[in-house]
Amino acid sequence: MESDASVAGESVSGVVACSRDRVLALKADGDSRWCLHNDVRRVILYEFVVEIQDIAKTGFMHPTEAVILTLFDGERTIADVDRRVEHLFEVDALDARSMVDKVVTSRKEALQEGKPADGNVYDPAKFVIPADQVDLQTPRLYKPLMLDCRVSDDCMRRCVYCNVQKARTRDLKLLPLSRWEQLADECADLEMPSVTFAGGDPFMRPDVEQIVSFFLRRSIHPFLATKSLIRPDRAKRLARMGVRRMQVSMDAPMPYLADMLTGSPGFFAEATASIRNLIAAGIIVRVNCVITHFNVRQVPRLIDLLFGLGVSKVSLSGFGRSLYLSDEENADLFLDAPDRQLLAGMDARRSPEERRRVQAGVPKDWSEYSVEEKHRTHQGGPKCSAGRWGLVLRSDGKVTLCDELPGTGSEVVGDLSHQTLMEVWRSPRLEELLYPPRERFVGTVCYECEDFDQCHLGRGRCVRDALKAYGRFYAPSPGCPRAPTGPRLM
């Protein structure tokens, strides 16, 4: 690994020798922080995105590495850590230096100089795991890190681009409050860092504030996303409860277009009022905007409007095929080639400050990738987190792998109305969906593929995209170089 400014020194056997008087700690700033998590038989190092209370990156590490990382507390010098490692692992000074240098070099992305204002301090003993129990091979976590909660599957809006299955609250047998409180306990016991309340819309359930309070009392700060009108009194209550951040959706700077895209007359006025009320109460607000053919040209005006209202960040999400729209409805919403060129030009013209505050990307569909590009992306792209890091809980207790999947039938992997989180996490149905037998793929390119095991055990096959592209779970991800061309997804 090449050295950079954060790891200065001379190379020794491929490892960079560190200056011993430097003081390091796990990175933490206003945007993200790096954290350690005991995953039963190994340790997880992950980057936690503060703004959306979500996990951006994760990876396994040996407990020895984790123990050494805990010693970088922002007060000890590297020389101090050397001496602690000598004592803890009963090794000589040279071996201790080598162990420390390897950790600093391999984990430099997660380390910073000095003590962060809001960093994590860990007890090394928390990450001691017997040597004969360490597992660095199993790709799936031993316990979930994330829970995406559908407190209500109902919504007061009828967005033209909606990609989640909705259901009327009165038609569902909702999880009772008592079970939500138990789930908050289970998440706390698992030390789960990321809990999201989305939808449908969480505020369609009248007692949502009580549910949120269950998690807050256990030092879990759920991230809430809504399109509801949040009045001043509710905004103040949420702030007093301890809610720090929320997401409000808005897709256009003009009332008629924002109302049309959400199928809700008056939405624009309600969304702007919600933003103002939340910010006035001291809650940090970000906005998500779904970019379609209808609103792409209004993006600059929308960003100006939102920053003028005091929004912290804006996320621009290109429309993707919805399982709940017809082919004609999907086709009307996709960005065409001129739209995407326009979006790319807007991104290039943004100032550095706007680039920091606007999360955007120009959508590119799998059908536009060459076989060579698919090979590179398929091998080195991000891993699918569905069922590997976390789960999606629907309002009636049913559990699925992804928020875009239907909540009835074979895609359901468990039911938290009568099972615990760990019972669902270990359920045979979940394992079968993630690591299915080859026989399920008869008639597809997966059936005789030499990379079948590697595909499922490695980065993971996206069952959502398989369903969107080919109408079945047991099909290849359309990003696979061997996959046939399916319908447009982005």
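This is a predicted model: local features need pLDDT of at least 70, side-chain atom pairs count only at pLDDT 80 or more; totals for chains, interfaces and linings use all residues.

User: Which residue in S14 stands opposite Val287?

Analyst: S13 and S14 are parallel neighbours held by six bridges. Within this pairing, the residue of S14 that stands opposite Val287 is Val314.

User: Which residue in S15 stands opposite Ser315?

Analyst: S14 also pairs with strand S15, residues 358–359, in parallel fashion through two bridges. In S15, the residue opposite Ser315 is Gln359.

User: In what order do the 10 strands of the open sheet follow one another?

Analyst: The parallel pairs S13 with S14 and S14 with S15 belong at one end of this order. The pairing in the sheet is mixed, and the order is S15-S14-S13-S12-S11-S10-S9-S16-S17-S18.

User: Why is one side of S15 and of strand S18 left without a neighbour in the sheet?

Analyst: The order of the open sheet begins with S15 and ends with S18. These two, S18 being residues 414–415, stand at the edges, so one side of each has no neighbour in the sheet because each has a single partner strand.

User: What is the bridge partner of Leu224 in S12?

Analyst: Strand S11, residues 223–226, and strand S12, residues 245–249, run parallel and are joined by three bridges. In S12, Leu224 has as its bridge partner Met246.

User: Which strands are the edge strands of the open sheet of three strands?

Analyst: This sheet has the order S7-S3-S8, with antiparallel pairing. A strand that pairs on one side only is an edge strand here, and that holds for strand S7 (73–77) and strand S8 (111–113).

User: What does the twist of that sheet average from one strand to the next?

Analyst: Strand S3, residues 23–26, pairs with S7 in the antiparallel sense over two bridges, and Ala25 stands opposite Asp73 in S7. From one strand to the next, the twist averages 35 degrees.

User: How are helix H1 and helix H3 oriented to one another, roughly parallel or roughly perpendicular?

Analyst: Helix H1 (residues 63–70) packs against helix H3 (residues 93–106) with the axes 10 Å apart and at an angle of about 85 degrees. Angles of 65 to 115 degrees count as roughly perpendicular. H1 is therefore, relative to H3, roughly perpendicular.

User: How many nonpolar, polar and charged residues does the contact of H1 with H3 have?

Analyst: From H1, Thr64, Glu65, Ile68 and Leu69 take part, and they meet Met99, Val100, Val103 and Ser106 in H3. By class, the contact comprises five nonpolar, two polar and one charged.

User: What is the radius of gyration of the chain?

Analyst: The chain has 17 helices and 18 strands. For 490 residues the globule rule gives 23 Å, and the chain's value is close to that, so the chain is as compact as a globular protein of that length: its radius of gyration is 24 Å.

Definitions and conventions:
Residues are numbered from 1 along each chain as its sequence is written. Side-chain values use heavy atoms; hydrogens and water are left out. Two strands pair if DSSP finds at least two bridges between them. Helices (H or I, at least four residues) and strands (E, at least two) are DSSP runs, numbered from the N terminus. Axes are lines fitted to C-alpha atoms, for helices over the stretch in contact, and angles run from 0 to 180 degrees between N-to-C directions. Angles under 35 degrees count as roughly parallel, over 145 as roughly antiparallel, 65 to 115 as roughly perpendicular and the rest as oblique. Contact means heavy atoms within 4.5 Å. Ala, Val, Leu, Ile, Met, Phe, Trp, Tyr, Cys and Pro count as nonpolar, Asp, Glu, Lys and Arg as charged, and the others, Gly among them, as polar. The radius of gyration is taken over C-alpha atoms; the globule rule is 2.2 Å times the number of residues to the power 0.38.
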